[in-house]
Amino acid sequence: MSNQLNKMLSICIFGENCLSSLEQCVRHAKKLTNRIFLIDMKSDDQIKLETEDLGIQVIDASSLLSALQSEWVLFVKPEERPVLSSNENLCSSLGNRLIDGYAVSVKSIIEPSLLEPYQWVKNLGQLKNVSGATYISRLELRLLRRIHAVKGLNIILDGPSREWPGLEGNIGRIDNIKVESYGEEEGEVQDKGKEHDIRCLKGELKFGPSEEDNMVELTEGIIGFSVLHMGYLKSFMESARLGLGNDKIYLTMLHYLGREGKFREAKDLFEAWIIKRHDVEKWDIYMRAGFIYANLLDVDNAINCYGKVADLNKTYGALSNLGKLYLVKGKKERALSYLEMATELEPDPFDRQIVSIISKEGWKMRRLSVCMIARDEEKAIQQSLESIVGIADEVIVVDTGSSDKTKEIVREFGGKVIEAEWQDDFSAARNVGLQEATGDYILCMDADEFVDSRQRFGLLLAKCLLPPAREARAYMVKVEPEKEAAELSVSILSKFTGHEQEEYQIRLFPGGMGIQFHGAAFETIDESLHHLGIEVAGNDIFKITHSKPDGKARDQRKVPAVMKYFEIIRDPAKALEGGLFFLRLGDLDRAYPWLEKTEKMEPALSAKIARLYSMKNQHDRAKKIIKKGLEYSPESSDLILALAEVHHKQGQYNKVRNLLADRIDVIKKDLDPEAAAEASYYYGIALLEADLLAEGVEHIAYSSENNPLDTRYKIGSLYAFSKADQWEQVLEVAGQVVNEEKINIDHEIKDFSDVGLVFIELVRHFAGSNNSEEANICHKILEHIIRTRISNKEEVEKMTQMLGGLSVS
């Protein structure tokens, strides 16, 4: 559980209560947050008595809003469990102030016989058999802002639907959290080809049963088209031009395109479809279209679409969005009118803040200058410049010696190019651009950064909300890696430590006030802001994306400036930046002197960096990093686990046992299930080495149960079974490992010498694939077999010689 998520999220359990199911539900819910409530639908005092030991609060529906203290609430049933894939990504989604709620994938068990008539669902690969039952996935409105909790609960209680009155324009789709019924198995939905979606578009296959079938649970909530990808777009366009298909199918595709930021494609599909559509006008269609046009900054068409929605159904979302659209057009009075109507329907804090800002005398949209430095950036800078077209009033690029087409591309976009000699000093280059900027505010970007299509309207709106010079502030902007760049990153840091690459930086600040950057590398304007008395504020209206198409070459060019900065650096935070910079390059040796200059580091990051050094067999450095971290955070479970891992890799099992004996339960409580399983594994191996078999087996079993896909824990189980002389189980699990790893064993198992040969092959396999942990434990099992199970002297000598020839390092 993360502290941030615990503050942001509450979980409300609703529906018929079964105590055994409820206990499981609460156990899973506590992995996300401690703010757990049970909604008593029947005012039953017995429920309160039965749930006292669960540590949750029982409330009735009427007190829901007053009981919730977090910004967001997730609704689940007692027979369901919430499943989270990423704390950071969920927190990021919950930080989006433009979203009122999220549709969540809900997987429920259904009797297979009920689904037999709906063969298209089977063809799309959605049905998975589980012990004679079948599950089906639906999109349901389950995750909502606190202010919409009561309305959301009523919508949920009405049954699965994709009609969400009053919330439609502000509902997103979220993928990093889902809800599952107990007894389900994970299964990937397989795409069976375009033929099924074309048949559905032609009307040969129906989107769920009809009303007379009286099976509402299988209608609009079914995710038939949530397995979409861009390859489907061509067939959708062809079908739209032919006038085939129904509203829900196209709206689902438009939703997908919007979620992926493909607004131009979404616009083309909408316009091709709407020309051929001859049905009555529906507000949800124009709600989706307005969203598409707004993100393309096609403000007039967006206003037209949201205006139609307001005429058909005065929803909060339509009125709020009309207010924001008129605002970016500079139509203050009309913007105020719509925003005030919206806040009467829903007291949204952000809309109220906008009203407060633009109601002030002298309000105007601020002029924005975008400043960047560049050198040989022709591969990246066009995307950067395209992303700010229609937003930036001025673009200034300081070119530090390009020999490619960088300068020509900037001029094509109407930007101003200033040529400056590169002096291994980033601040000096950036300050050249700042001196030329004429905007009320300056946004600093790098040439390999851009404003994502889903963030452009947010940046345009931010221009309307920036304060005048007398109230000037600087603003933090989130800078996050592009999805593809993050996935393809090969740096040691990103692959092993999982270090969160996105970060907040001061990027937006007032112009014309003499603000300058300081520092040859890792430059900041902190000193200038402090000198001028300018406050720094947060910003979650827009963010910047880092594309890194040629990041390694760019970082290598940065090395001289970073090394030049090392001798004069005094700030521990900057020292950490230097260490992380070299870790991203995979240069642990040059990173370490920078890390030595750091002081208090966030414990989880310290632990990850230490484990990185340990992975490279630099155990002494790893211990020094951990020791420094423990000086500031002596009870950190992350650091304790990292130290246990170092001791384990060095074969210091007594130290592992002493370290974890009193802390293992705390670690299991503090850390996520994966880390808890790892801690239990290290402790279990240490116990087995001390011949404390019962406890050792218990902890190894815990690891395997909580992370059954990790091969280390299977090999750990083999060691536990061998130490306990349970050789049938050894052979059974070893057989599973051999099959999973596709190892060829061509001899018959007749005696323990043959068993030893199996483990010789396992050691060779794991050592050859750089899985030293698995190889080391198999080596231990082989030693145990030779020492305790083989009596023939010649066989012992033969095995010992073979054992000596194996390398596991």
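Reply: The model is predicted. Two packed helices are described by the angle between their axes and the distance between the axes. Each pair below is treated that way.

Start with helix α27 (residues 588-596) and helix α29 (residues 619-632). They pack at an angle of about 25°, and their axes are 12 Å apart. An angle under 35 degrees counts as roughly parallel, so α27 is roughly parallel to α29. Their crossing is left-handed. On the α27 side, the contact uses L588, D589, Y592, L595 and E596. These meet R621, K624, I625 and K628 of α29. By class, the contact holds four nonpolar and five charged residues, with no polar ones.

Next come helix α30 (residues 637-649) and helix α31 (residues 653-660). Here the packing angle is about 160°, and the axes lie 8 Å apart. α30 passes α31 in a left-handed crossing. Which residues of α30 and α31 meet? From α30 come I640, L643, A644, H647 and H648. From α31 come Y653, K655, V656, L659 and L660. Seven residues of this contact are nonpolar, two are polar and one is charged.

The crossing of α34 and α35 is left-handed. α34 brings L693, V697, I700, S703 and S704 to the contact. α35 brings Y713, K714, G716, S717, A720 and K723.

Now the pocket. Rolling a probe the size of a water molecule over the atoms shows where empty space is left. The second largest pocket holds about 510 Å³ of space. How many residues line the second largest pocket? Its lining has 25 residues, and I357, L465, L466, P467 and Y475 lie nearest the centre. The elements giving two or more residues to this lining are α17 (349-358), α21 (456-465) and β15 (473-481). α17 supplies the largest share, with three residues. By class, the lining of the second largest pocket has 13 nonpolar, eight charged and four polar residues.

To recap the helices: α27 and α29 run roughly parallel.

Terms used: Residues numbered from 1 in each chain as written. Predicted model: local features only at pLDDT ≥ 70, side-chain atom pairs only at ≥ 80, totals over all residues. Heavy atoms only, no water. Axes fitted to C-alpha atoms, helices over the stretch in contact; angles between N-to-C directions. Helix = DSSP H or I, 4+ residues; strand = E, 2+ residues; numbered from the N terminus. Left-handed = near helix turned anticlockwise from the far one by under 90°. Contact = heavy atoms within 4.5 Å. Nonpolar A, V, L, I, M, F, W, Y, C, P; charged D, E, K, R; others polar. 1 Å grid on protein atoms, 1.4 Å probe; cavity = no way out; pocket = protein on both sides within 12 Å on 5 of 7 lines; lining within 4 Å. Points joined across faces, edges and corners; volume = space filled by probe spheres on them. Parallel < 35°, antiparallel > 145°, perpendicular 65-115°, else oblique.
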